[in-house]
Amino acid sequence: MTDVAYIDRPNRPLYVYAIFYLAFLYIPVMFLPLFSFNDNIYITFPLKGFTIQWYVAMFKDQPMWAALNNSLRVGCVSSAIATLLGLFVAKAVTRYRIPGVKPIIFVIMLPMVVPLIIMGVALLILVTRLGFNLSLYTITMAHVLISVPFAMATLISRFEGFDPSMEEASSDLGAGPWSTFWRVTLPMVAPGVLASFLLCFTISFDDFIMAFFLGGTDPTLPIFIWGQLRFPFRLPGVLALGSLILIISFVVVFISLWLRRWGVEDTQSGI
Amino acid sequence: MTNNDAFVSLADVSKHFGSVVAVDHLSFTINSGEFFSLLGPSGCGKTTVLRMLGGFESPTTGEVYIDGVPMSEVPPHHRPTNMVFQNYAIFPHLNVRANIAYGLRYDKIEKAEVARRVEEALEMVKLPGFGKRRSNELSGGQRQRVALARALIKRPKVLLLDEPLGALDKKLREEMQLELRALQESVGITFIFVTHDQEEALTLSSRIAVMARGKALQVASPKDLYNHPVSVEVADFIGQMNFVKAQVMDVRNGEALLDTAGLGKITTSASSDFVRKGAAIIVAIRPEKLLLSAERGSDGRASVQGTIKTSTYLGDRNHIYVSVDGCEKPLAVATPEAQASGEKPLDRESTVWLSWADNALILLPHD
């Protein structure tokens, strides 16, 4: 007999499984930062020595900065639009009685499961038929399309987490619809808005397929990186850049997940 | 309008949600300065009525008037009403002071005056010094007070309260009932109060509308409701009541001769229309109006013999259930606690006599 409760007893096979699982997930990714500090133009073992020259080179790379700038602009604009649209949808489906709301949500959510490559081809055909030039604008529109479902999902759950009587109380106290939106609705859903923005931003920032099909002469960062891979001497610089993006992405996703939870219990505590 | 005192009135108001009729051709008036309660079981439409007064639902048909003005085109933020919500709806992102001052922005009041009135409101609800707290740092009773202060600071013509005491424990609820009543008397604002707790309604209200199935069964003062209910349903809902079936044998000079199922033949004064010769009616009597004795009374009062079945101990009194031949259910008799534990214990199955005063009987239509 042991004093340790069954649930607290160590389970060795489970530990081993967990370690393998994490290794499988993260070891490939860890090669990026590892080789980005390696003092060798070729990506091979054994490691030669520590250097930060690739980072220095990267910071001097003007086309890279231009591509990053493009990506940031497309990301900010598309996630702002997607979040705004998601906000309206979330408010509508949670606050008003709309006939057929379930099928409507289903249709809006559908792009989530349509393969991006199909979507990319379809959009390319549409955009060229309509006579638009391929540019950062077309990429931005495509990014809005693929990130709206995520914005909606995030914001609907946030709206469902707060009591409609808050908005009623506001209008009862004399606030018109706009005033209520600014003074009550928006502050209450603010964490959800921020989470949605960050999520949409990562989707846009990550996207290669849409940018590949719908991009013009200005590359976004993923397109730029892909272009660099043709030149072996450029590869370490890409690794350095990749490592930086990796860190920033992790931070952003963590913040957005944390924001999704944060504050919900605050508004639900009720009595 | 016919009634000059009418301050709030519902004129033939109905509200349908799809195929569900929540409020069904409801009409009543509320006078200025009243403490008016809407009482009924859940789903009777009382909250819907309150929400129509506040402007959160619009009547399907009919019209709501406040101070003579028809309200159907007036949105909530322009109505002279304020509401205390069931869950209080305290804004969690604002502190107590900002919550209470929330509505004053729309009244175009100077900053200094706002600050003064917020302090005054905090004093009024006995929360001085709580201005900087957040809603999650407040207890249920404190939230309730903040919600009250936030609504009253707007100086509404009508304050709407949606079961505001429902979430509080019994002791705090009783305390708040007294405070609420005192507050209403001091501010003189018309209060419209929704509750399913008949005791609470009786304690607080100047008048009560008893509701069921979207209709008002009776609108009357607490005393009238208790002593002169108009139907079996109202009588059953307000307090405890014994019901006995009866047949009207004869009506003469305002006196009716009844043949009751269990209480024998009774003569009692009757003025209502439904007491006609040959009609089936219901005779109702409160447990505390029945007197229990071991022997037949000699004072000439009507009495009947029965057998004790069970008793319930209620602290300050007992309810003894006496089965009487002919009655469907045993009759509840309220006795003071002392009597039950007194010199002569009343055993089960012992034979007792029940008697009552002539004016204790309430005649109700059979429904």
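This briefing describes a helix pair in chain A, and the domains and a sheet of chain B. The model is predicted. In chain A, helices α6 and α8 pack with their axes 9 Å apart. Chain B is assigned two domains, and an open sheet of six strands is found in chain B.

**Helix packing in chain A**

- Helix α6(A) spans residues 136-160 and helix α8(A) residues 177-206, and the two pack at an angle of about 155°.
- Because angles over 145 degrees count as such, α6(A) and α8(A) are roughly antiparallel to each other.
- The crossing of α6(A) past α8(A) is right-handed.
- The contact includes A:His143, A:Phe150, A:Arg158 and A:Phe159 on the α6(A) side, and A:Val189, A:Gly192, A:Leu199 and A:Ile203 on the α8(A) side.
- Ten nonpolar, six polar and one charged residue make up this contact of α6(A) with α8(A).

**Domains of chain B**

- Domain 1 of chain B covers 6-236, and domain 2 covers 240-365.
- The centres of these two domains of chain B, taken over C-alpha atoms, are separated by 39 Å.
- Contact between them involves six residues of domain 1 of chain B and seven residues of domain 2 of chain B.
- On the domain 1 side of chain B, the touching residues are three nonpolar, two polar and one charged.

**Sheet of chain B**

- The strand order is β6-β7-β8-β3-β9-β10 (chain B), and the pairing is mixed.
- β6 (81-84) and β10 (215-220) of chain B are the edge strands, each pairing on one side only.
- Neighbouring strands of this sheet are turned by 20° against each other on average, direction ignored.
- Strands β3 (residues 35-39) and β9 (residues 207-212) of chain B run parallel and are joined by four bridges; B:Leu39 stands opposite B:Val210 in β9(B).
- Helix α4 (residues 140-152) of chain B packs on the sheet, where α4 touches β6 and β7 (158-162) of chain B.
- The direction of α4 of chain B makes about 175° with that of β6(B).

Conventions: Residues numbered from 1 in each chain as written. Chains lettered and ligands numbered in written order. Predicted model: local features only at pLDDT ≥ 70, side-chain atom pairs only at ≥ 80, totals over all residues. Axes fitted to C-alpha atoms, helices over the stretch in contact; angles between N-to-C directions. Parallel < 35°, antiparallel > 145°, perpendicular 65-115°, else oblique. Left-handed = near helix turned anticlockwise from the far one by under 90°. Contact = placed C-beta atoms within 7 Å. Nonpolar A, V, L, I, M, F, W, Y, C, P; charged D, E, K, R; others polar. Domains from an automatic or database assignment. Pairing = 2+ DSSP bridges.
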